[in-house]
Amino acid sequence: MAEPLFTPEEQKKFDAGIAEIISHYPPDRKSAGMLPALRLLQDIKGWLPPEGLRLVAKNLEVTPERAMEVASFYVMYHLKKPGKYVIDVCTNLSCSLWGAEKMLAYLEEKLGLKAGEANEKFTLRETECLASCGTAPCLQINEDHHESLTKAKLDAILAKLS
Amino acid sequence: MASTAKAIEPIISAAWGKPQSWTLDSYRQRGGYEALKRALEMQPAAIIDEVKKSNLRGRGGAGFPTGLKWSFVPKDSPKPKYLAVNGDESEPGTFKDRYILEDDPHMMLEGIAIASYALGVHTCYVYLRGEFKFPAQRCQAAIDEAYKAGIFGKKLMGKDYELNVYLVRGAGAYICGEETALLESLEGKKGWPRLKPPFPAVVGLFGCPTVVNNVETLASVPAVFQKGSDAYAKLGTDKSGGTRLVCLSGTVNRPGVYEVSMFTTLSELIFDDKYGRGMPKGRKVKAVIPGGSSAPVLGADELDVAMEFEALKVKQTMAGSGGVIVMDDATCMVRSLWRVARFYAEESCGQCTPCREGTPWQTRLLRKIEEGRGEPGDVDMLSNVASSIAPYPPIGLGNTICALGDAAALPTHSFLMRFRDEFEAHIREKRCPFGDKPWGSFGDWS
C-alpha cells in the first residue's frame, strides 16, 4: 500500500488550514482559496506532491487540472521536491549594478550548482526583483530576505545552514 | 552638493525606524485611527468628495485620481462590493510598500477602514506578493491587533458596520500587480489579465464591484482626514496632492526610500544630502529610470524635472511606481536593457501573442548584441520587435490586453532613442565596449 500523504498531525493541520481558508470567501467561491491552499500544502510537505494537488482540488471542489494549472503558473510553488534550502538570487538591474551577477557566480562555484539546479541540500535559482533594490544585492533563503550582502556576510549566512 | 532641497514634513514615513512603530499602541500614540473616527461621522458620499478634493492619486503606477476611482463604484448595485489592496510590489526598482507593511501597517489598515466605509465594502482582501514573508507577518499581526481592539470585525470601531480584512499572499508572478490579474489570482486562478472594459469598479472580484488600490495610496488616506483635504492638496501640485514615496537605487551613494514633495526633482533626489548624496567619486550619471523599470529612461541632461505625474509626462516618461534607478557612466546600456528585457520575458503571462513572442525575441536580440554577435540591422530589428508589442509613441495601450506589453516595449524604445550609438558600437566593434565590466565595478563584489 502506498504511504499516506500526511501523518495524522499533518492531516490535522491541513484540515484546520483548509477550513480557515474557505471561511474567508463566499460559500459558493471555495475555489478562490487555491493560492493559500497550495501554500498550506507546501508549508506542510515542502513541495506540492501530485496526490496533494488532488486533495486540494477535492477540498476546493475543482478538478485536479485546475490545481495543476495554478501550481504551474506561479514560480514559488515547487512541483518537484527542492533542496532543504531554496536560494533565490535577484539579478535584476539594481542588484546587478551592485554586483549580483558576481554574487551568483560565487554561489554557483561555492555550492557546485548552476542556477536552476538542485541537490538534496540546496536549490539555487536566479530570481526576479525582490523589492530590495535599495539594499542590493539581495537573496532569499526559504523566503527569508538577506540584504546588503557582502562576501563576508554571505559566507557567514551559508556557514549557518546545516 | 549640500542640502538645498526644501525639507518636507513626512507623513507616510514619519514613524519608520522608531521602536515598535508597527504596533497599534505606537500608531495610536501618534493619533492613529482618529481619522477613521472623523470619517465615520461623515456620510459615505462626503468621504469620497473629501478624497477627490485632496487630489490624492494612485501610487501604484498609473497615478489615477483615487476619489474619482472610488466614485465609479455603482451606489445602487445589489451585489456585495469589495476592496482589494494591491501589495504585489514587484516592478524592478520599487521597494516602498514593503516598508509601509513592515514599519507602519496600521496606517494602511486605517486607510482600508475609511475606504471600505465610504464604498460600502464589508470584505477587503490585502494581496501581498508571495515573496513578502516578513511584511506579511507584520501586516497579519496588525490585522489581528485591529480585530482584537474592536476596530475590524462585526462593528467597525464600534459603529454598526461589519468589516472583515483578509491577507492573501501571491506566489511569485509580477503580472498579478496588474489589477485584473490580481483579481483573477484572488479568485484562485492563474494571473491572466482581463479585457477592460468592464472595469473592476463595475465588474471586479467574483463579478462584483471592486476597488483596487495600492498600499501607499491607502496609507495616504488617513492624512487626508487628519489634515483636511484642502491642506493635503496644498502640499502638492494643482493635480497631485500630498507627498509621495520614491525608491532610489542603483549607483548612488545612499540608496533608499525617501518621502518627497511633488516638487522635488530627480537631480535633488540623486545629489542632495537629504537623499542620495550623489554619485561615487569620479562617476557621472549616464541614465536614470524615473518610475520603475517600465518607465522610459532619461539621460543625464534631463534630471531637472519634478518627480510628479504631470511633470514626468511632459518628458515623455512616467512617475509610475516611484522606482528611480540610477546608472553611472561605467554602466553598459545594452547590458542594462537586456536585463530589463529578460524580466519582462520571464514575467509575460503568455496570454497575448505580441508579448509572449516579442518579449523573448527582444531578449535574444539584446543578448546577441551584448555578446558581440550583433549584425547590421539588428538594432532596427529590435526596434521593430518592440513596436510590434507596443508602438511608439504610445496611443493608449499597445497590442496587448494589459500594460505589461507597453512596459516591455517602452524601455527598448527609450534606450534606443537616447543611447542608440552605444548599441551600434557593440555591433561595429563586435564586442561590448565595456569589456568584462559591463556593470562597472561598484559595491563589494567588484
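Helices α14 and α15 of chain B cross in a left-handed manner (the near helix is turned anticlockwise from the far one by less than a right angle; clockwise would be right-handed). The model is predicted, and local features therefore need pLDDT of at least 70 and side-chain atom pairs 80 or more, whereas totals for chains, interfaces and linings use all residues. Residues are numbered from 1 along each chain as its sequence is written, with chains lettered from A and ligands numbered from 1 in the order in which they are written. Helices (H or I, at least four residues) and strands (E, at least two) are DSSP runs, numbered from the N terminus.

**Helix pair α14(B) and α15(B)**

- Helix α14(B), residues 353–370, packs with helix α15(B), residues 378–389, at about 160 degrees, and their axes are 9 Å apart (lines fitted to C-alpha atoms over the stretch in contact, with angles from 0 to 180 degrees between N-to-C directions).
- That angle makes α14(B) roughly antiparallel to α15(B) (over 145 degrees; under 35 is roughly parallel, 65 to 115 roughly perpendicular, the rest oblique).
- On the α14(B) side, the residues in contact (C-beta atoms, placed from the backbone, within 7 Å) are Pro354(B), Cys355(B), Gly358(B), Trp361(B), Gln362(B), Leu365(B), Leu366(B), Lys368(B) and Ile369(B).
- From α15(B), the contact draws on Asp378(B), Met381(B), Leu382(B), Val385(B), Ala386(B), Ser388(B) and Ile389(B).
- The residues of this contact comprise 11 nonpolar, 3 polar and 2 charged (Ala, Val, Leu, Ile, Met, Phe, Trp, Tyr, Cys and Pro are nonpolar, Asp, Glu, Lys and Arg charged, and the others, Gly among them, polar).

**Helix pair α13(B) and α16(B)**

- Helix α13(B), residues 333–347, and helix α16(B), residues 404–429, have axes that come within 9 Å and cross at roughly 160 degrees.
- With that angle, α13(B) is roughly antiparallel to α16(B).
- The crossing of α13(B) with α16(B) is left-handed.
- Helix α13(B) contributes Met333(B), Val334(B), Leu337(B), Val340(B), Ala341(B) and Tyr344(B) to the contact.
- Among the α16(B) residues in the contact are Leu404(B), Ala407(B), Pro411(B), Phe415(B), Phe419(B), Glu422(B), Phe423(B) and His426(B).
- By class, the residues of this contact are 13 nonpolar, 2 polar and 1 charged.

**Chain A overall**

- Chain A has 7 helices and 4 strands, arranged from the N terminus as α-α-α-α-β-α-α-β-β-β-α.
- Along the principal axes, the C-alpha atoms of chain A fill a box of roughly 50 × 35 × 25 Å.
- Of its 162 residues, 40% count as buried (20 or more other C-beta atoms, placed from the backbone, within 10 Å of its own; exposed means 12 or fewer, and partly exposed lies in between).
- Among contacts in chain A with a separation of 6 or more, 53% join residues 24 or more positions apart.

**Helix α2(A)**

- Helix α2(A) spans residues 34–45, has 12 residues and reaches 16 Å from its first C-alpha to its last.
- Its buried residues are Met34(A), Leu35(A), Pro36(A), Ala37(A), Leu38(A), Arg39(A), Leu40(A) and Leu41(A).
- Within chain A, the buried residues of α2(A) pack against α1 (8–22), α3 (50–60) and α4 (64–73).
- The buried residues of α2(A) also pack against β3 (164–169) and α8 (179–186) of chain B.

**Contact between the chains**

- The contact takes 41 residues from chain A and 51 residues from chain B.
- Elements of chain A that each supply at least two residues of the side touching chain B are α2, α4, α5 (93–97), α6 (100–111) and β4 (144–146).
- The residues on that side of chain A divide into 20 nonpolar, 12 polar and 9 charged.

**Local backbone features**

- Glu61(A), not a glycine, has a positive phi of about 60 degrees; Glu61(A) sits in the loop between α3 and α4 of chain A and is exposed, with 11 other C-beta atoms within 10 Å.
- Ala131(A), also a residue other than glycine, has a positive phi near 60 degrees; Ala131(A) lies in the loop between β2 (122–127) and β3 (139–141) of chain A and counts as buried, with 26 C-beta neighbours inside 10 Å.
- The peptide bond joining Lys196(B) and Pro197(B) is cis, with omega about -10 degrees, and Pro197(B) is in the loop between α8 and β4 (210–214) of chain B.
- A cis peptide bond with omega near -5 degrees leads from Tyr392(B) to Pro393(B), and Pro393(B) is in the loop between α15 and α16 of chain B.
- Gly31(B), in the loop between α1 (24–29) and α2 (34–40) of chain B, is exposed, with 10 other C-beta atoms within 10 Å.

How values were computed:
The expected span of a helix is 1.5 Å times one less than its number of residues. Two residues are in contact if their C-beta atoms, placed from the backbone, lie within 7 Å.
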